[in-house]
Amino acid sequence: WSLPNAERYALQYADGRQTYITESNRGEIKNGSILRLTTSPDQEAERLYSGIQSNNSDVKTDSLKKLASLSQDVTFAQEFINRNGLKQIFYIVEEGNDTGEMLAHALKAFMELMEHDFVSWETLSAAFIKKIVSYVNMNAVDASVQQLSLSILENMVPASRLLFELVKKEVTLDRLLTHLQVTNAQLQLKAMALLIALLLAATDAERRDMMDYLREKNIRQFIHKNIIHSSEPLGDEMAHYLYVLQSVSLNLCERRMRTSMDPYSQEQRELLQSLRQTAFESESEAPASNFSTERRRSLCAKEFRKLGFMNNSNPAEDLRRAPPGLLALDNMVYFSRHTPNAYSRFVLENSSREDKHECPFARSSIQLTLILCEILHVGEPCSETAQAFYPMFFGQDHFFEELFCICIQLVNKTWKEMRATQEDFDKVLQVVREQITRTLSLKPTSLELFKTRVNALNYSEILKLRQTERLHQEETLAVPVLELRKRLKPELLELVRQQRLLHLCEGTLFRKISSRRRQDKLWYCRLSPNHKVLHYGDVEEGVHSPPIESLPEKIPVADMKMLLVGKECPHTKEKSSGKQNKDVLELAFSIVYDMEEYCLNFVAPTRYEFCLWTDGLNVLLGKEMTSERTQTDLDVLLSMELKLRLLDLENISIPDTPPPIPKPPSNLNFCYDFHHAEQ
């Protein structure tokens with residue numbers, strides 16, 4: 001347009017994130033994007049750099065506010081940082097004369113500038129960090145400043161060991177617990193985020209100490225009462241932090257789980273002997289001291305056999321297998337000490353049964369501990385996106401041991417219901433695993449409720465459930481039914497396709513995950529009602545279904561070339577240098593568009609969303625739906641349709657071959673001739 005001093009101007013998107021157009025991103029401009037002419041990023045950076053040094057507080061506040069919003073743009077951020085702008089922000093914070101709104105804008109701008117990874121977190125000055133820490137530790141500070149300060153510290157913690165130690169020393173756990181107890185949900189969330197960041201960056205020993213301290217301070221009871229059962233619904237972010245806290249707590253069992261029993265350890269031998277004494281001390285109290293060593297040894301062996309150890313002369317051998325290692329011994333000792341009546345009843349009841357029908361306490365405990373470790377994922381790294389925590393975990397001290405106490409009694413109950421013998425041991429434990437997983441999937445809110453439900457789900461109930469599932473399978477395997485199924489399949493597959501596209505039209509909230517941490521940034525993506533365009537854009541926390549007009553970015557479906565999932569995605573390749581989390585791999589997918597030059601990268605919030613989105617995108621690309629969800633949805637629809645069609649055939653066995661067609665009659669003279677009748 002022949003503007004004089006053209007270098008002073010730049011184009012910028014008029015809506016959405018208002019990114020500057022540069023040589024590197026000009027190819028991404030879509031038809032229909034509205035651009036505006038504005039001052040170039042370097043001019044703007046220069047102006048704001050002067051503005052934030054102004055002595056006029058209004059000019060300074062406005063400049064910081066503008067800086068906080070513009071810093072999201074990478075081009076502007078680069079220009080501002082090149083002018084040593086961060087130093088000026090450090091100065092504003094370190095001087096500490098400004099408070100309230102001005103300080104909040106300065107901290108927000110700092111957060112946005114650091115987000116681009118141009119500057120390392122390790123370059124922060126001690127004075128700056130001290131000031132940020134003081135905002136967290138002081139009481140009379142604006143809530144928005146405290147939130148931003150907590151966020152800054154949360155980002156610093158994973159950056160280096162030095163910063164972790166500094167934050168851990170300066171911000172005490174007590175202080176974080178005080179922030180957790182405020183009514184401001186956002187402040188509560190940021191305090192929880194920092195607590196989780198500290199726990200994840202700590203060494204095993206530090207983590208153990210921190211968890212012990214938190215236990216002393218009753219954090220569990222507080223979370224159970226004020227966060228899980230608060231009047232406000234639980235946000236995704238908080239659900240994730242509670243999942244991590246649960247995971248970190250359960251992983252404290254990992255060390256014992258992976259340690260085999262040492263037969264020469266006095267402490268471990270005493271624990272083992274205490275099991276025998278608690279169960280049989282009343283019987284062998286008096287005469288034992290008079291016995292010879294040989295006699296006492298044989299008596300001990302006999303009692304260990306009654307306790308259900310396979311190797312009764314040297315029971316430590318049974319505990320050499322790790323996992324479950326010493327964790328199984330801990331569980332048995334906990335059960336014998338905290339519920340001595342139930343323990344004695346279990347052991348004595350089984351030692352009075354016939355040899356073959358006794359339920360071996362020790363062997364069952366060892367196997368049950370292993371099952372619980374697998375179900376609760378003990379020893380597995382935390383997922384970056386999962387939100388599946390058990391509310392009852394926070395309702396109980398010694399959750400793992402208490403759960404074991406309920407389940408070991410369940411083993412005995414199920415053993416009796418199955419009238420099992422030693423050969424059935426694996427079958428019984430399989431049923432118990434099913435009882436536990438089916439009950440846990442109902443998400444009971446307390447261990448009491450879990451106990452009631454798991455005991456109600458007895459062996460006959462499990463059999464009924466299995467029978468129903470099996471019958472349903474057999475019914476659908478008859479040849480005519482299979483043919484009918486084949487005919488119905490295309491129609492129902494079309495129904496699944498329509499549902500997937502409808503889901504894409506409703507849209508989903510996705511989370512941005514950076515290499516450094518789990519982001520708070522959210523974006524929304526949805527398909528236009530005519531299935532021609534994908535709309536997407538950044539949104540704030542709490543926005544559930546933004547209208548299409550508010551999503552500035554778009555990709556025409558016609559430009560989409562292919563769908564990548566898992567390891568093929570560019571955003572998982574970038575991350576693979578670090579410790580790759582398998583859950584991100586399972587939930588990642590990308591759309592390649594525009595001559596295969598660009599990618600839109602997703603990390604689905606759940607496996608369910610991943611399946612629906614990958615199916616929907618495959619439908620748009622004209623490909624087969626490949627997710628496991630397609631098969632289950634199709635099976636459900638087919639089985640419902642088949643049941644409806646076969647309702648009239650209740651209790652009639654369907655033959656495998658069609659009935660024979662009778663021979664034609666010898667003559668066809670019985671046919672009525674209309675012509676003669678008319679004449």
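Which helices are among those that cover the buried residues of H4? Select helix H4, residues 85-95, to begin. Its buried residues (under 20% relative accessible area, with exposed over 50% and partly exposed in between, for a 1.4 Å probe and protein chains only) are Gly 85, Leu 86, Gln 88, Ile 89, Phe 90, Ile 92 and Val 93. The cover over them includes H1 (41-51), H2 (57-70), H3 (74-82), H5 (100-114) and H6 (126-137). Helices (H or I, at least four residues) and strands (E, at least two) are DSSP runs, numbered from the N terminus.

This is a predicted model, in which local features need pLDDT of at least 70 and side-chain atom pairs count only at pLDDT 80 or more, while totals for chains, interfaces and linings use all residues. Residues are numbered from 1 along each chain as its sequence is written, and side-chain values use heavy atoms, with hydrogens and water left out.

**Domains and cores**

Colour the chain by domain: domain 1 is 6-231, domain 2 is 258-282 + 304-471, and domain 3 is 488-631. These bounds come from an automatic or database domain assignment. The centres of domain 2 and domain 3, taken over C-alpha atoms, are 42 Å apart.

Now select Phe 110, Met 192, Ile 223, Leu 307, Ile 436 and Phe 450. They touch the most other members of the largest nonpolar core, which has 150 residues. A nonpolar core is a set of buried Ala, Val, Leu, Ile, Met, Phe, Trp, Tyr and Cys residues joined through side-chain atoms within 4.5 Å. Domain 1 and domain 2 each give at least three residues to this core. A second, separate core of 40 residues includes Cys 525, Phe 589, Phe 610 and Leu 617.

Go back to Ile 223. Apart from neighbours within four places in sequence, Ile 223 is in contact (heavy atoms within 4.5 Å) with Met 192, Ile 228, Leu 242, Leu 245 and Phe 394.

**Two helix pairs**

Two packed helices are described by the angle between their axes and the distance between the axes. Axes here are lines fitted to C-alpha atoms, for helices over the stretch in contact, and angles run from 0 to 180 degrees between N-to-C directions.

Select H9 (residues 173-180) and H10 (residues 185-201): their axes come within 8 Å and cross at roughly 150°. That makes H9 roughly antiparallel to H10. Angles over 145 degrees count as roughly antiparallel, under 35 as roughly parallel, 65 to 115 as roughly perpendicular, and the rest as oblique. Residues of H9 that meet H10 include Leu 173 and His 179.

Next, select H24 (residues 479-506) and H28 (residues 628-645), whose axes come within 9 Å and cross at roughly 125°. That makes H24 oblique to H28. Among the H24 residues that meet H28 are Val 481, Leu 488 and Arg 500.

**Single residues**

Pick Arg 297 in helix H16 (residues 293-306). Arg 297 counts as exposed, at 54% relative accessibility. Its C-alpha atom is 8.1 Å from that of Ser 313, 16 residues apart along the chain.

Move to the loop between H16 and H17 (325-338), where Pro 323 is placed. A cis peptide bond joins Ala 322 and Pro 323, with omega about -10°. Another cis peptide bond joins Pro 323 and Pro 324, with omega about 10°.

Finish at two histidines. His 398, in the loop between H19 (361-375) and H20 (399-417), has a positive phi near 50° and is partly exposed at 47% relative accessibility. His 531, in the loop between strands E4 (518-527) and E5 (533-539), has a positive phi of about 60° and is partly exposed, with a relative accessible area of 27%.
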